[in-house]
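Dear colleague,

I am handing over the structure we spoke about, and below it you will find my notes on what was found. Please read them with the structure open beside you.

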Amino acid sequence: MIDLAAKGNSAGVSTPNTDNDRIMAAIDIGTNSIHMVIVQIDPRLPSFTIIAKEKDTVRLGERDPHTGNLTPQAMKRAIAALQRSQELAKSFQVEQLVAVATSAVREAPNGRTFLQEIDSQLGLFVNLISGQEEARRIYLGVLSGMEFNNQPHIIIDIGGGSTELILGDSHAPRSLTSTKVGAVRLSREFITTDPISDREFQYLQAYIRGRLERAVEDILANIEPGEKPRLVGTSGTIETLAALHAKETLGIIPTPLNGYEFYRNDLKDIVKQLASLPCAEREKLPGLAEKRAEIIVAGAIILLEAMTLLDIESITVGERALREGVIVDWMLSQGLIEDRLRYQGEVRKRNVIKVAQKYHVNLASSERVANFALNLFNQTKGHLHNWGTEARELLWAAAILHNCGLYVSHSSHHKHSYYLIRHGELLGFTDIEIEVIANLARYHRKSSPKKKHENYSNLPNKYYRHLVKELSPLLRLAVALDRRQIGAISQIRCHYLPEEKELRLRLVPVEHNDTCALEIWSLEDKKVAFEEEYDVKLVIQLENPAS
């Protein structure tokens, strides 16, 4: 368990705040449902208490079969649900509302347009996250409510569009996987009979097994000899199966279900029973909601096949998942959690370096470029720009990865850098943040940002386009400062003269007899974009190291 285990898990009314407590909400826009959790954070512990929950089944995953687009009806339902969530959050005086979207929006051709529509109608900014990033946040969520005791645990989260399998032991996750098998997706694509026919049942089993094999292999490859991981299940599908099992064996459904355990042999019987009943009969089963009855067969088969492939006999329910993980991730970003979670909090830095190593980036040079970029950012802030910590972090990531495109080819390597970053699974960053990093790297040389560039137009709004336009010239200068990639310049000093609209950039070389001619030539070449963007004259001066 992380150091912020909840003090309660009630969906009741908020208790009075102390001056130091903070109220936050997280929304998970899934394939089947939209969930919101509102929490009261005590930053002194740190811990959080869940004080309210909201769920709407909107079925975004029921996409147009011909185009793959989210349907107008589903988008309308989703926006109405999000508006209700916003109103509930306001009633609790929520300080920060963080929303993420997953599989259905990620895969739909009109997914980004839908997110822009949410922003336009509701003023709600939604982060689109990758499958691996979803898995990482699920891991954080489960850790916030369950003690792992440094022992290996496998987490399975069965959503409407995807299934995440995660291996971890309280520390950094050993394996994060996301597979495109989900209860809504498979019900829509493969089940046409009611009750499901033997032929469709067997085909579905084989399909799920085939799709999950790679994820299971990755999990098993990261289990040490002698280890026997415990299986933890999250999501509505698994909670529903646990409720059915509890009602059958205990006569009651425990509240909460957190920590409830059931066995694979019992699951086989439940799957057999569910598959034999038409949907109308499944709806009558205690513990099975009407809308869940439509997709439970596919979800139950996913769980059974996963447990069979993993050769695990029992599963324990964990009621915390993605939305609680979003809360933990936010707390990490605010510096509210340290100690045992410090390693998790550095996930962005570690994964940027990991991607850089994957593409054989010259890290010594890239780190110098990053330091120059951040120095320029810091010394010009308040004079030429007013960007904050988040923008600074994106600039750092772009500086580290700006040359990764050389892995593909030197020709147009800035464009290759964009592609590799965009598809590089940078954990800890949202989809939009990755788009910003990729754009910044793309514009470290050659053309400045233009509306006709597809990558630039992929940025969701003026805010992010403005960010890229203002920060990319800083990266260009930083790259020029390490032109020979030998660390010739030890220090830079900026002096802004507002009346003259002039920025003096003073360079301190490492060697006193080094004229840094190539760096100065490169700066003179690169400064055009900087001068045009900031409407200042850049004057480059070489100082004596001793001065």
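**A helix across a sheet**

Helix 21 (residues 517–534) lies across strand 12, strand 13 and strand 14, and runs at about 160 degrees to strand 14. Please keep in mind throughout that this is a predicted model. The three strands form an open sheet in the order 12-13-14, and the pairing within this sheet is mixed. Strand 12 (489–497) and strand 14 (537–542) stand at the edges with a single partner strand each, so one side of each has no neighbour in the sheet. On average, neighbouring strands of this sheet are turned by 20 degrees against each other, if direction is ignored. Strand 12 and strand 13 (residues 502–509) run antiparallel and are joined by eight bridges; to find this pairing in the viewer, you could look for Arg493, whose bridge partner in strand 13 is Arg506.

**Strand 2 and its two partners**

Strand 2 (residues 33–42) has 10 of its 10 residues buried, so this strand is largely enclosed by the rest of the structure. Both of its faces are covered, with Ser33, His35, Val37, Val39 and Ile41 buried on one side, and Ile34, Met36, Ile38, Gln40 and Asp42 buried on the other.

Strand 1 (residues 22–29) runs antiparallel to strand 2 and is joined to it by eight bridges, and the two strands form a hairpin with three residues between them. Strand 2 also pairs with strand 3 (residues 47–57), again in the antiparallel sense, over 10 bridges; here too there is a hairpin, with four residues between strand 2 and strand 3. For His35, the bridge partner in strand 3 is Lys55.

How many of the 10 residues of helix 17 (residues 413–422) are buried? Seven of them are, and helix 17 is therefore largely enclosed by the rest of the structure. The buried residues are His413, His414, Ser417, Tyr418, Leu420, Ile421 and Arg422, and the buried residues of this helix pack against helix 3 (111–122), helix 16 (389–401), helix 18 (431–442) and helix 19 (454–457).

**A crossing of two helices**

Two packed helices are described by the angle between their axes and the distance between the axes. For helix 4 (residues 131–143) and helix 12 (residues 322–333), the axes come within 7 Å and cross at roughly 85 degrees. Because angles of 65 to 115 degrees count as roughly perpendicular, helix 4 is described as roughly perpendicular to helix 12. Helix 4 contributes Glu134, Arg136, Arg137, Ile138, Leu140 and Gly141 to the contact, while helix 12 contributes Leu322, Glu324, Gly325, Val326, Val328, Asp329 and Leu332.

**Aromatic residues**

Finally, a search of the whole structure finds nine aromatic pairs, and one aromatic cluster is formed by Phe125, Trp387, Tyr463 and Tyr464.

With best regards

How values were computed. Residues numbered from 1 in each chain as written. Predicted model: local features only at pLDDT ≥ 70, side-chain atom pairs only at ≥ 80, totals over all residues. Heavy atoms only, no water. Axes fitted to C-alpha atoms, helices over the stretch in contact; angles between N-to-C directions. Parallel < 35°, antiparallel > 145°, perpendicular 65-115°, else oblique. Contact = heavy atoms within 4.5 Å. Phe/Tyr/Trp six-rings, centres within 6.5 Å; stacked < 30°, edge-to-face > 60°. Buried < 20%, exposed > 50% of the residue type's maximum accessible area, 1.4 Å probe, protein only. Pairing = 2+ DSSP bridges.
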